[in-house]
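This report describes selected sheets, helix pairs and backbone features of one protein model. Please consult the sequence and the coordinates alongside the text.

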Amino acid sequence: MKIELVHRMRSTFLAILGLFLFTSCEKHENHQKIDELVVTDQVQWIEINEPLPEHDSLFYLEHPAPLFRKEFNTNKPLKSAKLLITAAGYYKATINGNAVGDNALDPAWTDFSKRIYYSEQDVTDLIEAGENCIGVVLGNGFYNPLPLRKWGRRNMRVDLSVGKPTFIAKLILRYESGETMEIGTNDSWKYTYGPIRKNSVYIGVAYDARKEIPGWNKNEFDDASWNFSKVGKGPGGRLEKAFFPPVQVTEIIEPTRIYASTNGGWVVDMGVNFTGTYRIMLEGDEGDSINFRFGERVYDDGSLNPMTAVIGQIKRPGIGGPGAPDIAWQTDSYVLGKNEMHWFSPDFTYHTFRYMEITGLDKKPNLESIRGLALNSNVATKNSFISSSALVNSIQRATQRTFLSNLVSVQSDCPAREKFGYGGDLNATSESFIYNYDMQSFYRKTVYDWVDAMKDLSFVDTAPFAGIEYCGISWESAFLITQYYLYLYYNDTDIIEELYQLDNQWMDKVAMIHPDGIVNSGLSDHESLEPVPVQLTGTGHYLQCAQIMTEFASIMNDDANQKKYSALAKQLKDKMRERFWNQPVNGEINRQTLFSTLLYHKIIPEDKVAAAQDSLLKAVTNGPSGHFSTGIFGTKYVLETLSEIGKANTVFDIVNSTTYPGWGFMIERGATSIWETWKESDNTFSNNHPMFGTVTEWYYRWLAGIRPDPQYPGFKEFILNPTIPEGLEFVEATYYSPYGAIVSNWKKQEGGYSYTVSVPEGSKARVRLPITNSQSISIVGNRTDKLSGGEFELEEGDYQIIISTQR
């Protein structure tokens, strides 16, 4: 019976998933337009003729990035021109030698066998009257990775959808006469190989300037010796227009110093730990070889320490597989050509580093000749937070730098070692990202990544799927929980309607895997300083999903499922209460995570909440240095639950401290990004990891007091409830809701504080301000409703509020 049930569920799950995919395809086909990129007889996937290597070790030899070109003529007055282009791998496009757009590492990483996003670029200004030339360089990206065995066992070429790099493009020319001409990729395009001799998104690029081909991407170039392209089948995924921010250079970073290394080279200190590449002016003789290595740290003697950013923990011979480097550190190389001076910036890779080691130069480079190029998905960054505490501000800057470092078309857990989109990190930090950036379209793309990654009988840990399946529901539930945050913060109901059938089927899968309700497998409070059973955190996420589905069923007017999921939520609460509250919890356990999880998920009976709050406070007091000892989920929970019970001052004292463990300890130790662990690591753990960045959510939610109201998703109505802790003189915060800018600024003054508020047009704020019996309140601004002490409502408008001592 159980086997039959499994097969039935498997068939139903695949049917629902197939229906979702088919509906997307059918809609796409029925609305086919000239402005869409689709495969036709004239527009095809093209690639090189040569096959991929037959053995893993051969992938590490030179396989130069191919250069493709196509000349065309425009002999009529042009009205507009646009290029639609994508690849399985990465591409860089030019027209008449000029770069097309500002995107880098394009297209976004997806499961290329299921979904591929293409870019649309206006290239009108690049087209010349008469002869023109399109040039495309094709890189490997995540579609043709090296067969690195991460942790000695995970082969990227087995775990990912891989193949020979290929691309498809269509140039659309619209003339003033009303005529339209298309130039598509086909076997008339020609190719040869260029100066990028190796390119890996993980371990870097080898560039030989002696192999450069001047003028190859301009018209009138003689390509008689070049090869004709091969038309390929493509990677198999549906072509869809990108709707989310592309990866671009978002910051140019000036190095702070350059000094001699113990190995005879030079070390460049960029001043901050970031993700991206660099631009450098190189001088020397033809054939000189310059080598680069990158790291987040340096050793005590000043030499480069690359070990926290080594790919896949490949740190000794034999671990990485046949042909792999003994240590898979991040590296680039450059061989100088005939020109005396060379500008170099590597394509088709990205590194995570503060320090860059350069060997092979005859003399010390100048600071002016080097710039760091920060790369990330270019999400809107209008939200802001600042306070009177230099330490709090430093933590905020480090958190934002960490977040952006881990936004390279997927939200990763670490941008060097793995680059994978882990669901647990997403569940822990998605609200934190949303408070800092406009994440709506990015997170929609993320949800679709999960749609493509999920399996019918087991949980996966990452999207796109990278072969890892042991973390369990607390990771894959990001598929559903991210949908909820899109609804809560942006009132995005479209995605709920689109995926509702699949959401229901996913919940059936969870019930099949965990038929007793209690989650008994997977990863729990990762990097907690004390043990945490997965039965606590995993079942908490199952409960959260049941509550989300209750809400989704209500939105969909699905009464039967609303009752079903409401009953499931009650059942899971009862089980958690019985397991973790009604009876003693024996053995070693992180009691901070225990009590904050129970309070966060509202497990505790109402008449026992005070006792649970006291137990949580005691657990924090008994923590190391009276600080938090929580991990990936417990930290989010303890920040929120302590604040909910009126202990935001306690949280502030911990946050605004440089004692271990804590964020201030990281800053005190020189961190410019957030670590993967509370303990400092100079070998194993990433120094650029977002999961402890949940502190920034607390900044916005509790210091500034800006919080959504679940009853009014999308900030139609919202809460303003700032905390005014001892030791902090002011806070200034702006959050852009779908209605506009919400401003929450407070500043202490004699006898009280001033509070400046902006409520966007079309929305309403419910304000709760800390005020004593000896203080009075005055408000200047638009209409105020229901004024009762420090609690009142504000309609749209700007307000100046003064809390002062009564005279």
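Buried means under 20% relative accessible area, exposed means over 50%, and partly exposed lies in between (1.4 Å probe, protein chains only). Strands (E, at least two residues) and helices (H or I, at least four) are DSSP runs numbered from the N terminus. The model is predicted, and local features need pLDDT of at least 70, side-chain atom pairs count only at pLDDT 80 or more, and totals for chains, interfaces and linings use all residues. Residues are numbered from 1 along each chain as its sequence is written, and side-chain values use heavy atoms, with hydrogens and water left out.

S28 belongs to an open sheet of six strands in the order S28-S31-S32-S33-S38-S35, with antiparallel pairing. Its edge strands are S28 (384–387) and S35 (775–781), each of which pairs on one side only. On average, neighbouring strands of this sheet are turned by 10 degrees against each other, direction ignored. Two strands pair if DSSP finds at least two bridges between them. In general, strands of a sheet pair through backbone hydrogen bonds, either parallel or antiparallel.

## Pairing within the S28 sheet

Four bridges join S28 to strand S31 (residues 730–737), and the two run antiparallel. In this pair, Ser 384 stands opposite Thr 734 in S31.

Strand S38 (residues 797–805) pairs with strand S33 (residues 752–759) in the antiparallel sense over seven bridges. Opposite Asp 798 in S38 stands Ser 758, and opposite Tyr 799 in S38 stands Val 757. S35 and S38 also pair in the antiparallel sense over seven bridges, with Gln 775 opposite Thr 805 in S38.

## A second open sheet

Another six strands form an open sheet in the order S5-S4-S7-S2-S12-S15, with antiparallel pairing. Here the edge strands, each pairing on one side only, are S5 (98–99) and S15 (227–228).

Strand S2 (residues 66–74) and strand S12 (residues 190–193) run antiparallel and are joined by four bridges. Leu 67 stands opposite Thr 192 in S12. Phe 68 is found in S2 and is buried, with a relative accessible area of 0%. The C-alpha atoms of Phe 68 and Tyr 193 are separated by 8.7 Å, although these residues are 125 residues apart along the chain.

## Helix pairs

The axes of helix H4 (residues 423–436) and helix H5 (residues 440–453) come within 13 Å and cross at roughly 165 degrees. Axes are lines fitted to C-alpha atoms, for helices over the stretch in contact, and angles run from 0 to 180 degrees between N-to-C directions. H4 and H5 are therefore roughly antiparallel to each other. Angles over 145 degrees count as roughly antiparallel, under 35 as roughly parallel, 65 to 115 as roughly perpendicular and the rest as oblique. From H4, Gly 423, Leu 426, Ser 430, Phe 433 and Ile 434 meet Tyr 443, Thr 446 and Trp 450 in H5, where contact means heavy atoms within 4.5 Å. By class, this contact of H4 with H5 has five nonpolar, three polar and no charged residues. Ala, Val, Leu, Ile, Met, Phe, Trp, Tyr, Cys and Pro count as nonpolar, Asp, Glu, Lys and Arg as charged, and the others, Gly among them, as polar.

Helix H11 (residues 591–600) and helix H13 (residues 634–644) pack at an angle of about 65 degrees, with their axes 8 Å apart. H11 and H13 are therefore roughly perpendicular to each other. The contact of H11 with H13 has four nonpolar, five polar and two charged residues.

## Backbone features in loops

Two cis peptide bonds are described here: one joins Asp 106 and Pro 107, with omega about 5 degrees, and one runs from Tyr 660 to Pro 661, with omega near -5 degrees. Pro 107 is found in the loop between S5 and strand S6 (115–122), and Pro 661 in the loop between helix H14 (648–655) and helix H15 (663–668).

Phe 348, a residue other than glycine, has a positive phi near 65 degrees. Phe 348 lies in the loop between strand S25 (341–344) and strand S26 (351–359) and is buried, with a relative accessible area of 4%. Asn 491 likewise has a positive phi, near 55 degrees. Asn 491 lies in the loop between helix H7 (478–490) and helix H8 (494–513) and, at 38% relative accessibility, counts as partly exposed.
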